[in-house]
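Please read each point alongside the sequence and the structure.

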Amino acid sequence: MSNLSRFMKNNKKKRENGFYAPTASLTNEEGKPLEWEFAPMTSKRNESLRDECTIDIQVKGKPNIYRQQLNTSQYLVKMVAESVATPNLYDEKLQDSYGVKTPEDLLYEMVDNPGEYQELCVWVQKFQGFTKTLEEKKDEAKN
């Protein structure tokens with residue numbers, strides 16, 4: 001096998017879906033938390049989400065000069081919602097049962113415990129291949 005052939009798509013390992021129970025408030029008949037299924041995202045889709053969540057902030061005291069800033073909470077909820085394969089957060093009946101109209105709002109309603117939501121965000125970031133969460137990177141930058 002030549003060196004180049006090792007890089008061919010048919011040699012690339014497929015990333016598998018992952019399972020995680022994000023909330024103790026949704027349970028099965030035995031009272032165990034329901035596991036949700038999560039699908040890997042592509043780098044291209046991740047960049048698209050980052051772009052959607054990046055805003056221009058005017059630099060104080062400098063008219064017409066802006067810097068870009070990532071809206072972290074918006075990015076995280078979009079990343080998590082994008083990652084959820086089951087339950088289908090785009091399902092109209094499921095959204096209606098919680099009185100919401102977007103997958104992101106549905107996610108907030110289904111995982112309404114702040115601690116559980118934070119843990120879900122951490123789990124999804126690691127599942128998507130980020131070795132450090134956005135909060136860990138912020139803390140490092142401050143030090």
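1. Helix α2 packs against helix α4 (residues 103-110) at an angle of about 90°, their axes being 9 Å apart. Axes here are lines fitted to C-alpha atoms, for helices over the stretch in contact, with angles running from 0 to 180 degrees between N-to-C directions. Helices are DSSP runs of H or I with at least four residues, strands are runs of E with at least two, and both are numbered from the N terminus. The two helices α2 and α4 are therefore roughly perpendicular to each other; angles under 35 degrees count as roughly parallel, over 145 as roughly antiparallel, 65 to 115 as roughly perpendicular and the rest as oblique. On the α2 side the contact (heavy atoms within 4.5 Å) is made by S73, V77, K78, V80 and A81, and on the α4 side by P103, E104, L107 and Y108. By class, the contact of α2 with α4 comprises 6 nonpolar, 1 polar and 2 charged residues. Ala, Val, Leu, Ile, Met, Phe, Trp, Tyr, Cys and Pro count as nonpolar, Asp, Glu, Lys and Arg as charged, and the others, Gly among them, as polar.

2. On the basis of the model: this is a predicted structure, in which local features need pLDDT of at least 70 and side-chain atom pairs count only at pLDDT 80 or more, while totals for chains, interfaces and linings use all residues. Residues are numbered from 1 along each chain as its sequence is written, and side-chain values use heavy atoms, with hydrogens and water left out.

3. Helix α2 (residues 72-83) also meets helix α5 (residues 114-127): their axes come within 10 Å and cross at roughly 70°. That makes α2 roughly perpendicular to α5. In this pair, L76, V77, M79, V80 and S83 of α2 meet Y117, L120, C121, V124 and Q125 of α5. The residues of this contact divide into 8 nonpolar, 2 polar and no charged.

4. M79 belongs to helix α2 and is buried, with a relative accessible area of 1%. Buried means under 20% relative accessible area, exposed over 50%, and partly exposed in between (1.4 Å probe, protein chains only). Leaving aside neighbours within four places in sequence, M79 is in contact with M41, N46, L49, V124, Q125, Q128 and F130. M79 and E104 are 25 residues apart in sequence and 9.3 Å apart in space, C-alpha to C-alpha.

5. How many disulfides does a search of the whole structure find? The search finds 0, a disulfide being a pair of cysteine sulfur atoms within 2.5 Å. The sulfur of C53 has its closest cysteine sulfur in C121, 12 Å away, which is too far for a bond. Both cysteines are buried: C53 at 0% relative accessibility and C121 with a relative accessible area of 2%.

6. Most residues other than glycine have a negative phi, and most peptide bonds are trans. A cis peptide bond, with omega about 5°, joins T86 and P87; P87 lies in the loop between β5 (84-86) and α3 (92-98). N64, a residue other than glycine, has a positive phi near 65°. N64 sits in the loop between β3 (54-58) and β4 (66-70) and is exposed, with a relative accessible area of 68%.
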